[in-house]
Amino acid sequence: MSRVFNFSAGPAMLPEAVLQRAQQEFLDWNGSGMNTMEMSHRGKEFLSIANQAEADLREVMAIPDNYQVLFLQGGASTQFAAIPMNLLRGKKSADYFNTGQWSKKAIAEAKRYCDVNIVASSEEDGFNSVPDKASWNLNPDAAYVHYTANETIGGVEFDSIPDTGDVPLVVDLSSTILSRPIDVSKFALIYAGAQKNIGPAGLTIVIVRDDFIGDTLPGTPTMFDYKVQADNDSMYNTPPTYALYLAGLVFQWLKDLGGLTAMALINQRKAEKLYAAIDNSGFYQNPVDPQYRSWMNVTFTLNDSSLDADFLAGAKQAGLITLKGHRSVGGMRASIYNAMPEEGVDQLISYMQDFVAKNN
Ligand SMILES: *Cc1c(COP(=O)(O)O)cnc(C)c1O
């Protein structure tokens with residue numbers, strides 16, 4: 001058996017140790033004689049798995065006690081609607097940063113429920129940076145401020161948490177959650193789809209401060225009401241049990257590795273060496289303002305795009321797959337989430353250097 005290094009933006013690689021553990025436990029979880037996906041979500045075995053997953057996530061992210069951790073479904077895209085439904089609380093307007101394709105989708109959905117004030121936009125410059133703080137137009141009366149910490153398609157990442165004063169801050173952390181420590185107490189709400197940096201698709205995590213639950217827009221579906229989900233320990237209906245089990249294994253893997261501080265050092269090293277290889281090549285280019293380059297999604301183009309197909313075919317031969325950029329931007333994208341071993345990045349860099357030698 002040979003595993004590839006998969007640079008997919010999501011669903012993405014999972015840690016091999018996690019997959020191996022899931023394989024060992026596949027037919028018989030902990031003496032239960034069942035796979036976890038065969039268990040009742042209300043039985044004591046599965047409840048112990050769910051409780052452990054929540055406790056481990058709380059530990060790994062240092063989530064304060066006055067926050068609820070919700071394990072939901074519907075992806076980050078469902079939260080684009082659930083957030084205004086739960087957080088408008090009588091207000092008519094919300095603030096959104098527009099830094100890329102995911103921001104745009106969040107904005108389009110929010111507009112169905114409220115006025116959206118664009119705090120700042122980098123669309124004019126092709127979404128290659130985060131607008132300078134001096135240009136931000138924050139509305140002190142906004143219900144909340146929303147931003148996309150890491151734009152998965154453009155490979156652009158905020159370098160710090162925006163200061164929004166007293167206005168509650170909401171973040172789409174889908175593609176950068178767990179990549180490094182983050183101060184949860186700065187946020188009213190954090191959300192993330194699992195399939196980038198947490199586990200399999202089908203699970204969505206919402207971390208919400210207690211005082212932001214329980215006052216929804218009229219007509220909010222029961223399933224979208226954070227209070228209903230919190231009161232039912234995310235089991236108002238059947239949760240995505242297998243995805244939650246695997247996410248729990250990922251949280252344990254992170255703990256074993258030394259937590260998010262240790263993870264951050266590895267991620268920073270991986271990203272820095274890949275960007276350095278691009279910048280020093282004279283053959284590849286990354287268009288993103290260096291201050292805002294993503295640690296997780298490294299985009300690059302070949303100066304001669306007629307070589308793209310050769311580049312991708314050779315990479316595949318070398319066991320380096322899914323490097324094609326998003327259809328909306330072209331070029332290449334290497335997603336190097338937590339589960340991408342440093343060895344995978346090293347092999348990509350040497351493949352890129354060999355490719356230059358052959359084609360220069
Ligand atoms: C992938 C992604 C989404 C959409 O996630 P789904 O779970 O597919 O709905 C939203 N925001 C960001 C930043 C993403 O990377």
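Helices (H or I, at least four residues) and strands (E, at least two) are DSSP runs, numbered from the N terminus. The model is predicted, with local features needing pLDDT of at least 70 and side-chain atom pairs pLDDT 80 or more, while totals for chains, interfaces and linings use all residues. Residues are numbered from 1 along each chain as its sequence is written, and side-chain values use heavy atoms, without hydrogens or water.

Phe26 is partly exposed, at 40% relative accessible area (buried is under 20%, exposed over 50%, partly exposed in between, with a 1.4 Å probe and protein chains only). Together with Leu27 and Met37, Phe26 makes a nonpolar surface patch of about 340 Å².

Another loop, between strand S3 (93-98) and helix H4 (101-110), holds Thr99. Thr99 is buried, with a relative accessible area of 1%. Its side chain is joined to that of Glu151 by a polar contact of 3.1 Å. Beyond neighbours within four places in sequence, the residues in contact with Thr99 (heavy atoms within 4.5 Å) include Ser122, Phe127 and Phe158.

Finally, helix H6 covers residues 241-257. With 17 residues at 1.5 Å each, H6 should span 24 Å, and its end C-alpha atoms, 25 Å apart, agree with this; the expected span is 1.5 Å times one less than the number of residues. H6 is mostly covered, as 13 of its 17 residues are buried. After H6 comes Gly258, with a positive phi near 110 degrees.

Note on methods
Patches are made of residues with over 30% relative accessible area and no salt bridge: like charges are joined within 9 Å, nonpolar side chains (Val, Leu, Ile, Met, Phe, Trp, Tyr) within 5 Å. Accessible areas come from the Shrake-Rupley method with a 1.4 Å probe; for residues, only the protein chains shown count as cover. A salt bridge is a side-chain nitrogen of Lys or Arg within 4 Å of a carboxyl oxygen of Asp or Glu. A polar contact is a pair of N or O atoms within 3.5 Å; within protein, one must be able to donate a hydrogen and the other to accept it, and residues adjacent in sequence count only if both atoms are side-chain atoms.
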